[in-house]
Structure formats: structure tokens, C-alpha cells
Amino acid sequence: MSELVLRDAPPPVATIGRPETYLNDGQTIRSWLFTTDHKRIGVLYLISITFFFIIGAIAAGLIRLALVVPDGSILTNDIYNKLFTLHGVIMVWFFLVPSIPNVLGNFLLPIMIGAKDVAFPRLNLLSWYIFMGAAVFELFVLIAGGVDTGWTFYTPLSTIYSNSWVIPAVLGVIVVGFSSILTGVNFITTVHTMRAPGMTWFRMPLFVWSMYATSLILVLATPVLTMAMVLLFYERAFGIGVFDPGAGGDPVMFQHLFWFYSHPVVYVMVLPGMGVMSELVTAFAYKRVFGYTFIAYSSMAIAAIGFFVWGHHMFFNGISEYSGMSFSLLSFAVAVPSAIKVYNWAATIHKGEIRLATPMLYAMGWIALFVVGGITGLFLASLGIDAHVHDTYFVVAHFHYIMVGATVLAFLGGIHYWWPKITGKMYPEFWGRVSALFMFVGFNMTFAPQFVLGYLGMPRRYHTYPPQFQFLNILSSAGATVLAAAYLFPLAYLLWSIRYGRDAPPNPWDARGLEWTIPSPPPPHNFEEVPVVDFEPYDYPNRIPEA
Amino acid sequence: MPDGVGIELAEQFSSARQQKETGELGMWVFLLTELMLFSTLFVSALILRMLHPGAVTAAALHLKMWIGGLNTAVLITSSFFMSLAIELSRAGRTSPMRLCMVVTAGLGVLFLCLKGYEYYRDYAEHMTPFFAWRPYGLLGDPASRLFVDLYYVITSLHAVHLTIGIGLVMTMQHLARAPGFLSRHANRIAITGLYWHFIDLIWIIVYPTLYVLNR
Amino acid sequence: MSGRSVLSMLLKPALVWIALMALLGAISAIGALVPRGHWWVAELACAGAMVAIVVLFSMEMWRHAPIVRLFSVLGFFWVAILFGLTMVDYATRSIAPQ
């Protein structure tokens, strides 16, 4: 009876007075999976990369668990090797590279320059499908079969000696490259041709500059990796011999091609983080950014010089000594623009009206970790020191400070900062601060001991180690536990806020920029009418705070 | 622009000029990635040549230079017809434009046939080192096998691109059948042409790199 | 309809075709006749000229917006980085500093 009544009279949906946003513009699964709205694609990416981050983090947790004991009795060698490969491959290609560009970039880039959408919306959706196809396939390969070469796929291990599923893993990496290329092409064209009237190059937010530099790297470097991987595939499948010295090839050539991509791609991971930083620092110091043009140009300089330094990964792998010297020198050069940025942010914070909200805590943590990661990078770029610490945990700690310290903190800082814009809800500030604090402590506890371990001579990728290293390894693993807990906090309270958080105003931070002039969440076409930009970026009042 | 030639504005753009520039820039940036893709193979070929000059020269003399040269001429001619098609599209003359595009694609097919014949001749000469079951015909240094393998990698990748190009040109001329196509999508012909010329460009680099410079 | 005749449309593609065919002839002739010596410089120059003609005229670099022109040059610059720094290694492998 009651069932019949309900069927006869469906309750009317309350739509009156509800502003149309990109979130309620069609609510079927279909309207999400076939969307060409850059904001929805950004959200699709957010959900997907969060999933892959969790997978990669679980692998990292298992690695740290295995390293608690020196004799390697927790996991077998084989499983350990497959775990660190899974961790590396998933984290690099399926989390770090797409993290900020494809989530925050997709969501914000068109809004920040005053456009209705990216230049090629359908290509943007295709890029997500390619990403998902490659990611699901790669995950299957890495879990069902496993690969034991590490994410670098160095020859001749990957071509001759490994008995694991190298060929399908390589195919997955090739395919995900196309997703990066499409995103890069899309962003470059968008920045060039889709800017609103009055949005000149030097009125663009610095985040857009960094996304532009990132896209240039993606477009120029990814094809080289694709081809290197295709050659690796041919080599393993047909034995063409291009990386086999016995057949006249050269295994070092693989490393040249691989690092021609993979070093610049480090900047793909960190440049977007720098872009997010410029936004956070100005908003929470409530001050104009110091040296706008310097920060903008240094993004471009990093993108360009980043291509000249790949050889510092290969100093002791058989390249000539002259080549090593020139790569070492060029590597020092790339530190200059990075340092310029850090100084500029410090000068921006100086005498600002600082508000220590969650995004600002992440930004402060970012600067600390990036400086440590950057300085140790200079150690590694010096030939003499690298002779001592190459292929040790020193390197592992160094690049985790950059990739996890800098990129993940910037990603989370950016997610918090723009969360009200993306979802229209505020997150609980207290828990935000707690998690930022835990993350900073947990991160340092995990990776700082690894600098010491590496300097003392513990090689990377080994499953067993001398017993005198056990204390530092346990410390590192304990830190990883804290870090894991700190990751779970935001996952929980951000999801909680979607349902229970209070509604966000259009501009909760009193920040500048086009994205804060539109409602939260934004309407389907971003702007009611095309905005005309007649203001400078970051036009904060520059008041001197009272004592 | 003459009558009957124009661009239908897509949702995200605010002017036809913006849309045209976006399409062209997008294609150029994509071609940039293609250039890097092939350059990786060219750098491999150069490294091989530096490490093993003798073996590479000996193997390169077995490549059929006359087919390679003829194929270059075929592609240059196809590019001529593509350029003509672009000029015609700008004048709004659909029928001769479509004819030129069919000739372009036809010359592309001719290229593939000649390439296939060349592969057949190579096969007959036992120049297929990647087939484990078939003995390799050229004697000497193992690097000779590697050079021949690289020749197959480079030329087959180019052939794949050319096949995509043929498909693209044929699709475009098929779509152009619809009345008023040029008044809505005039820019698409020029963008397709960019891709075609680029494939031609790559072959213009492949021909000397593999066939001529190594002799 | 446009006032341009088919003949005037033919002019540029035809000139490009003639130039490319002439350079192709030169490259092939050198390759076929002189397999030794330093003739590779001439072959390389011919190939470079052909590439330049295709980019400048067939791909209509001069008709495009300046930014498109910049990108077409950018690609070749990055190819030069790839070749240059890789070759620094391979060209100096046999020489060891004292």
C-alpha cells in the first residue's frame, strides 16, 4: 500500500533557488563519464590518482615493514623487488606526473585565465581515458605478474636477465605517455589562445606560468621516453640488440634516452608544486608576490635548463669523464632558478599579514623540505661526492624530499586551498592543521635517517643490510607509520566535509585571482560573461602590519 | 576570405580567428612531439654509426637506395597535391580539392606498395635479423644486424604514421562531400595538410640518414 | 568565389616541388656516385635545405602567428639538445683527462 503511494507521488525535487553549478549540471554516471567540462575531468583525475596513490603508498609501507629487520626475513627478495618497482612505477607515472597538472591544472587553468574551457575539451577527456586504461592495465601487470627491474627499467637487467613481466609493464608506460602528451598539448594551446581580454602574459597567475612550463616539458620529453620504451620492447621481444653490447648496441644509450625524459620529468613533478606555492604564499601573507617576473621566468628557465642535466644520473655508469664534468656544471646551473623562487617566496612572506591556516602550514613545510632536497641535490651533482653516495639511500632521501616533500605537500596544500572552490564546502580547519603538522614530522622522521644511512654506505634497492643500520631503519619505518596516519586524516575529513562541511562562500580566503570571483562551486561555463581583466595579478593591498 | 569558406565556432571559443589559431598551434605542438619521437631513433642511428662505422657502411650498401629515392619523389609529389588542395580549400572549390586529396592519399598508398616491395626484396636477401628462425644473410660484425633492425624500426614507424595520414586525408575528403563543409570547417584541410607535410618531412630526413649518408 | 585562378594557386606548390626534386636528385647522385670522402657534408646540406623548404613553404611557417613559428623552431632546438649532449658523451669516450 505505502509502496504504491510512493510510486504514485514522487516527492518534487527542490530545484528552485538552487544555483546551477558544474556539480549539479547532470548527475548521472553518464554525465560524468562523457563530460567535456574541464572541472569534472579534474575531479575524475582527483578520484583516480587518489586511488593509485593509496596503492603506491601501501607498497611503500610494505617496503618499510620489510626493512625493519636486517636479515630480510619478512619478505622474500623477489617480492621485495616487485614491491619497490610497483611503488616507483605507480607513484611516478600514475600519481606524481598527473597529480597537480591533471587535477588542479585541469580544474583551475581555464578559470584562472578567464576561459570557458580548455582548447580541446574532447582531447582532455580522451587523455583521462588513456590514463585510466594504462593505469588499470599497469596495476594488473604489476600485481598479477610483477616486475623486478625498478621503475628505471635499466638495461641489460630488463632486456636479458629479468624473468618478470617487463614487456607488458613497458607497454603500460608507453600508453600513459600519450595521456601526458595530450594534456601538454592542450594546456600549451589553452594558455596561448584562450586567455580572456586583458589577460596578458604578465597578468597570468604564477600557477599558470608553471603549468605552461610543465606542459612544455611533457610535450618535449615524453616522446623520447616512448621511443626508448619501444626500443626496449623490441629488444626484449625480438632481440634487436640496440642495448646489447654483444650485438653492437650500448646499454648506456638506454640510460641517455631514459634520463632525457626522466630528469626533466622531475621538474614536471616539482614545477606545478612551485606554482601552487606562489598562490598559497601570496594569499596567506596577504601581500603582493615579490618579483613576479623573476618567478615567471625562473619557471621557464627550470623547464629549459632541466633538459641539459640528465647526465648527472649516469656519472658512474660508463659515460665519458668530460661528459660527466659538463653535466655536473650544468646541474649546478639549474639550482639558480629554483633558489630564486625560494628567495622570492621568503621575501613575499616577510612583513606580510600572515595567517597560519592549513594551506599556509603546508606551504611553510614545503619550503623547508624543498630547501633540504635541493641542497642535497647539489651534493649529488658534484662528481666527487656522488662517487661516495651514488646508488645509496642518500639519493633515495634526496629525491623523496623533492618528490614527496615538495610535490605531495604542495598538492595537499593546493587541495585544501581550492577545496572550497572545487566542492563548495569548507573542511574542518583544526584537523587540517593537525594533519599538516603530523605530515611534516612524519616525513622528516622517515627520510632524514635515510640521508645518514646513505652516507654511511647503505645501498638502495637492497633487501638486507648490516645489523648496525637497524636502528636508523626502524626510525625510518616508524616515521613512515606517522606519515601514513597523516595521509589518512585528510582523506577522512575532506570526504566528511563533502557531506557535513559548511557551505563555502565564493572567496573564503579573501584571495585574489579570477577563480575567486565566481561562485563556489563554479557554474558549468565558469563565467556568466567573458571577464575583462583590468587588474594586475596578486593585487593585495600591501599594508604594513601593526607591530 | 571568399564566400563559402569559413569556420563554425565551437562552444569554448569566442572568435573564428581564435579557433583557427588554436587548431594550428595544437597541431604544431603535436608535431613537435612527433619530431622528438623520430629524433630518438635518429640519435640511436647516429650512435650506432659512431660506434661501428665499418659494419654500418657495409650493411647500408645492401639497402635499395633507388627504391628509397623513388619513394622520396613519390612523397614530395603527394605533398605537392596536398598543398594544392589547401590552396583550393581556401578558394572554396570543393570538387577539385577533393580530387587533389584523393591523389595525395593514392600517392601515399603507392609509397606503401613500394616500401612493401622493398621489404620483400630485403626478405629475399635474408636481411631479416629479427626473425630467429631465418638465417641472416649479411656477413661480418654483429652491428650489421643491429643496423638492419634499426632500419626496420625507423621505416615501419614512418609507415605507421603514413597509414594514419592516408586515413586522415581520406576521412577529410569524405567529410568534405557534405554541402557547405568548407563554410564550416575550412581550417581542417590546412591542419590535415600540416600532418601530411610533416610525414613527408620525416621521410626526407630518413632517406639520407639510412640510405645515403651511410654509404 | 575567389578571383584567383588555378594557375596562380599552382605556382607556389610547383616551385616547392621543383626545388625539392632538384635537391633530391643532387643527394641521390652524390650518394650513388661518391660513396667515399667528405661528400657527406654536401649530402647533409642538401637534406637540411629540403627540411627548411618543407617547413618554411609547404608547412607555411610564414603564414602562421609568431607563436606558431616559435614552436616550429623550438622543436629543432630541442632535437639539437638531445643530439648535442648525447654526442658529448660518445665523442669523448676514448679520451681520458689527465
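1. Let's start with S477(A), which sits in helix α16 of chain A; helices here are DSSP runs of H or I with at least four residues, strands are E runs of at least two, and both are numbered from the N terminus. S477(A) counts as buried because its relative accessibility is 9%, where buried means under 20% relative accessible area, exposed over 50%, and partly exposed in between (1.4 Å probe, protein chains only). Leaving aside residues up to four places away in sequence, S477(A) touches R64(A) and V68(A), a contact being heavy atoms within 4.5 Å.

2. A word on conventions. This is a predicted model, so local features need pLDDT of at least 70 and side-chain atom pairs count only at pLDDT 80 or more, while totals for chains, interfaces and linings use all residues. Residues are numbered from 1 along each chain as its sequence is written, chains are lettered from A and ligands numbered from 1 in the order written, and side-chain values use heavy atoms, without hydrogens and water.

3. Chain A has a nonpolar surface patch made of I54(A), I58(A), L62(A), L65(A), I74(A), L488(A), L491(A), L495(A) and I498(A), with about 770 Å² of accessible area together. Helices α3 (38–66) and α16 of chain A are the elements that give two or more residues to it. Patch members have over 30% relative accessible area and no salt bridge; nonpolar side chains (Val, Leu, Ile, Met, Phe, Trp, Tyr) are joined within 5 Å, like charges within 9 Å. A salt bridge is a side-chain nitrogen of Lys or Arg within 4 Å of a carboxyl oxygen of Asp or Glu. I54(A), in helix α3, is partly exposed because its relative accessibility is 35%.

4. There's a patch of negative charge too: E20(A), D25(A), E528(A) and E529(A) gather on the surface. E529(A) lies in the segment after α16 (470–500), and is exposed, with a relative accessible area of 66%.

5. Over to chain B, which has six helices and zero strands. Its C-alpha atoms fill a box of roughly 65 × 30 × 30 Å along the principal axes. Of its 215 residues, 63% are buried, and residues 24 or more positions apart account for 78% of the contacts with a separation of 6 or more.

6. The accessible surface of chain B is about 7500 Å², with 65% belonging to carbon and sulfur atoms (Shrake-Rupley, 1.4 Å probe; for residues, only the protein chains shown count as cover). Chain B carries 15 positive and 13 negative side chains, with the centres of the two sets 5 Å apart. Lys and Arg count as positive, Asp and Glu as negative, and His and the chain ends are not counted; charges are placed at NZ of Lys, CZ of Arg, CG of Asp or CD of Glu.
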